[in-house]
Amino acid sequence: MNSSASWLAELRRLLFVVLAAALLGWMFGRPLLFVALGLFLLCSWWLGQMWRIWRWLGHPEEDPPESHGIWGNIYDRIYHLQRENREARRQLQSSVDYLQDSFASMREGVVMIDEGGSIQWSNAASERLLGLKYPADRGQTLLNLVRLPEFHSYFIEEDFSEPLQMAVAGEQERFFQIEITPFGDGDRLVFVRDVTALVKLEHMRRDFVGNVSHELRTPLTVIIGYIDTILATGSRLEKPLVKPLKQMQQQAQRMETLLKDLLWLSRIESVKTEQKTDQIDVASMIEELRDDLKNTYPERAVVVQIETRQKVLGDYRELRSALSNLALNALKYSTDEVEVTLRWAEVEGEYLLSVTDQGIGIDSIHLPRLTERFYRVDDSRSTNTGGTGLGLAIVKHVAAAHDAELRIDSRMGRGSTFTIAFPSPSL
Ligand code: ADP
């Protein structure tokens, strides 16, 4: 029977009970009492049906009780809803199992934590990497079990835009990369990768570049020395030899600058993680550089704008080299007629060290790669200007070593602004 027919049948049953009770009551002279009695019996029967539903809902695995009419329909409807619900749950559980299985088999440590920082689930790799045991540690606070200060600060600061890379002391030093992804209602997924091999490779590359540059400098100094001596003989030198020797001298000097930059870059990279403790007076550094530039490039206008005398924690040599790289680029890539501005200012809670020129500018397609080693916008540009292609890589590393950020704003034909933005407060 479909549901509207059974509702009608139930209505008919109600009417029948009322009429039959009224008729019987009329025969006995008490129609109202009999109608009330009839309704009472019908309600008791309905209550009995509801009690059966309630009892069955307590044991949903059992088949629904046999019933007819509207009550049978209600049983059927609930039974179907339960079946659908069970099927949806089964599918959801199998998706969860599938995901957990794939996380469980990952070589990276995976830990799921809830809003309060308690462990909900973790895989086998997280036992190897972080010493977590699942399910024994379920419900424990992650920060109580993982006692790594850098991880604590990273976790508490809640800035997960960049992964955390840190050294972990032990029998052998290891390096972990940790990524935290918020999901759901304040829950977080923590990924831990052992990047020791990668970091070691990176150290080897850095050491190799550093060592090669160092080893090449001595023979180069000898070569430059001889070329200088030969060229110093002046008029006694055979004429056809002068031009090639001058070119050799120029190229050897370029090579020396390149080696110097490479060595400097590998030094900055190797001391990057060291805490900076010196207070650097950036404003005075800018003024000193302006005076130096005035001596070397008297024809150029270098404007200084000091809007704050705030000092920053840092390394004087590194910051000075970054600033002079930016200033020399600004002079190199603009004409003598326009000025170059060096500025130190506080803007919206950040301290900005910026160098602005009104030179040739850089097309925006180059900006993402501009700070890569040896990246050149235009090879002929840099060869003309004698650049090594390492200047901006040095600036970027210096900025990173000071927890600062290098920002580049440039427009073709209009000029560029390179800014090292220090977070506030740096002291
Ligand atoms: P380089 O030694 O070649 O100048 P850098 O790393 O300092 O190397 O700069 C990379 C490239 O970025 C340069 O080759 C140049 O094309 C471009 N560049 C850097 N600074 C400026 C600037 N102020 N204006 C225009 N182009 C610039």
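1. Trp-344 and Tyr-351 are both buried (under 20% relative accessible area; exposed is over 50% and partly exposed in between, with a 1.4 Å probe and protein chains only). Their rings make a tilted aromatic pair, 6.0 Å centre to centre with 35 degrees between the planes. Pairing here takes rings of Phe, Tyr and Trp (its six-membered ring) with centres within 6.5 Å; planes under 30 degrees apart are stacked, over 60 edge-to-face, the rest tilted.

2. Some bookkeeping: this is a predicted model, where local features need pLDDT of at least 70 and side-chain atom pairs pLDDT 80 or more, while totals for chains, interfaces and linings use all residues. Residues are numbered from 1 along each chain as its sequence is written, and side-chain values use heavy atoms, leaving out hydrogens and water.

3. Trp-344 also belongs to the largest nonpolar core, which has 42 residues; it is among the members touching the most others, as are Ile-286 and Ile-420. A core means buried Ala, Val, Leu, Ile, Met, Phe, Trp, Tyr and Cys residues joined through side-chain atoms within 4.5 Å. Helix α10 contributes the most, seven residues (helices are DSSP runs of H or I, at least four residues; strands are E, at least two; numbering starts at the N terminus).

4. A separate second core has 22 residues, including Phe-160 and Val-192.

5. Back to rings: there are 10 aromatic pairs. Phe-103 and Phe-191 sit edge-to-face, at 6.1 Å and 80 degrees. They are 88 residues apart, in α3 and β5 respectively. Phe-103 counts as buried because its relative accessibility is 15%; Phe-191, at 21%, is partly exposed. Ring pairs join both to Trp-121 and Tyr-134 in a cluster.
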